[in-house]
Amino acid sequence: MKRRLLFSTALAWTALGVLPACAESPVQPLPPLSPPSNRIGSLMQLSVVDRASGRELPIYRHRGEYWVAGRPGTRYAIRARNAMGERVMAVMSVDGVNIVTGETAGVLQNGYVFSGGERSDITGWRKSDSQIAAFEFTSIGNSYASRTGRPDDVGVIGVAMFRERVPEPPLAPPIAFPRRDGSTREMERRNGAPSAAAEAAPAAPAAQARSADSALGAEAAASAKGSLARPAPPSPSLGTAHGRRETSHVGHTSFERAQSTPDEVVRIRYDSRENLIAAGVIPVPPPARWPRPEGPSAFPGSEMGYVPDPPARYE
């Protein structure tokens with residue numbers, strides 16, 4: 001009996017020696033969620049800025065698309081920085097409408113030209129060389145696109161980027177050496193005189209442009225069809241209003257695209273934070289792993305000690 005008692009005592013002391021170590025090592029938290037980026041794009045770095053706070057809104061990637069969360073009544077800007085050492089043209093659209101011309105957006109329309117390394121905040125719909133109407137998150141029904149009869153593509157910001165065509169140095173004219181009979185036709189053929197196939201080559205970029213427009217149209221149609229199949233969101237979806245007039249000066253320049261199809265296209269979709277959480281775009285952190293239960297606590301004290309003697313009885 002004595003051996004068994006000593007063995008039990010030693011076991012109890014071992015357990016007591018482990019308990020403080022466990023108490024001092026809290027449950028390891030889950031690894032933090034990967035933070036969203038604030039800027040995207042290669043030729044140009046693009047972001048969406050909350051003009052009230054001046055901060056760039058987080059851009060969330062979900063199922064191959066980029067999203068930002070907006071708040072109704074908040075003015076915003078599209079911040080663009082040319083990451084190249086050459087000029088780049090950016091054709092920009094909001095809700096499927098060209099922000100410079102007001103046309104239903106197409107990649108071959110007018111846009112803004114950025115010098116190498118230049119950065120600018122595009123704050124609204126261009127009204128003139130000196131004024132814009134501010135971009136402002138609002139309900140779909142009050143968006144500029146809906147008020148002008150084009151509600152199908154509300155909720156998206158698009159930027160199509162083009163490199164500039166670099167003029168090629170003129171070729172030296174071929175030297176024709178006449179033959180003995182005085183004919184130069186054979187030498188012209190050898191020196192690369194234009195043929196019928198070469199003269200017809202410039203028509204190819206136009207066909208590429210038509211195919212690009214059709215592809216973008218098919219993408220927009222598929223997106224619209226997918227949005228109709230989704231269940232109703234928990235809060236009204238957002239659009240962009242034709243906000244108050246502000247001063248914003250621009251100039252005019254000429255720009256020749258290197259090709260008729262964009263070198264890069266960036267699309268950023270937006271909606272309210274509530275809707276993006278409901279759709280799984282914005283991840284919600286998990287609750288605490290060991291929440292305190294309601295009712296009496298089994299361990300109300302935190303001090304490690306021994307059982308004290310009870311108070312003396314009074315008879």
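Strand 2 (residues 60–62) and strand 3 are joined by 3 bridges and run antiparallel; strands here are DSSP runs of type E with at least two residues, helices are runs of type H or I with at least four, and both are numbered from the N terminus. Two strands are taken to pair if DSSP finds at least two bridges between them. The structure is a predicted model, in which local features need pLDDT of at least 70 and side-chain atom pairs count only at pLDDT 80 or more, whereas totals for chains, interfaces and linings use all residues. Residues are numbered from 1 along each chain as its sequence is written, and side-chain values use heavy atoms, with hydrogens and water left out.

Buried denotes under 20% relative accessible area, exposed over 50%, and partly exposed the range in between (1.4 Å probe, protein chains only).

An open sheet is formed by 3 strands in the order 1-4-8, with antiparallel pairing. Strand 1 and strand 8 are its edge strands, each pairing on one side only. Neighbouring strands of this sheet are turned by 20° against each other on average, direction ignored; the axes are lines fitted to C-alpha atoms, for helices over the stretch in contact, and angles run from 0 to 180 degrees between N-to-C directions. Strand 1 pairs with strand 4 (residues 76–82) over 7 bridges, and Leu46 stands opposite Ala80 in strand 4. Of the 7 residues of strand 1 (residues 44–50), 6 are buried.

Strand 9 is joined to strand 10 (residues 131–139) by 3 bridges, and Trp125 stands opposite Ala133 in strand 10.

The largest nonpolar core has 34 residues, of which Met44 and Met92 touch the most other members. Such a core is a set of buried Ala, Val, Leu, Ile, Met, Phe, Trp, Tyr and Cys residues joined through side-chain atoms within 4.5 Å. Among the elements that give two or more residues to this core are strand 1, strand 4, strand 10 and helix 2 (144–147). Strand 5 provides the largest share, 4 residues.

The second largest pocket has a volume of about 590 Å³. Of its 26 lining residues, Gly111, Tyr112, Val113, Val250 and Gly251 are the closest to its centre. A pocket is an open set of points on a 1 Å grid over the protein atoms alone, where a 1.4 Å probe fits, with protein on both sides within 12 Å along at least five of seven lines; lining residues have an atom within 4 Å of a point. Grid points are joined across faces, edges and corners, and the volume is the space filled by probe spheres set on the points. Strand 7 (112–114), strand 8 (119–122) and strand 9 each supply at least two residues of this lining.
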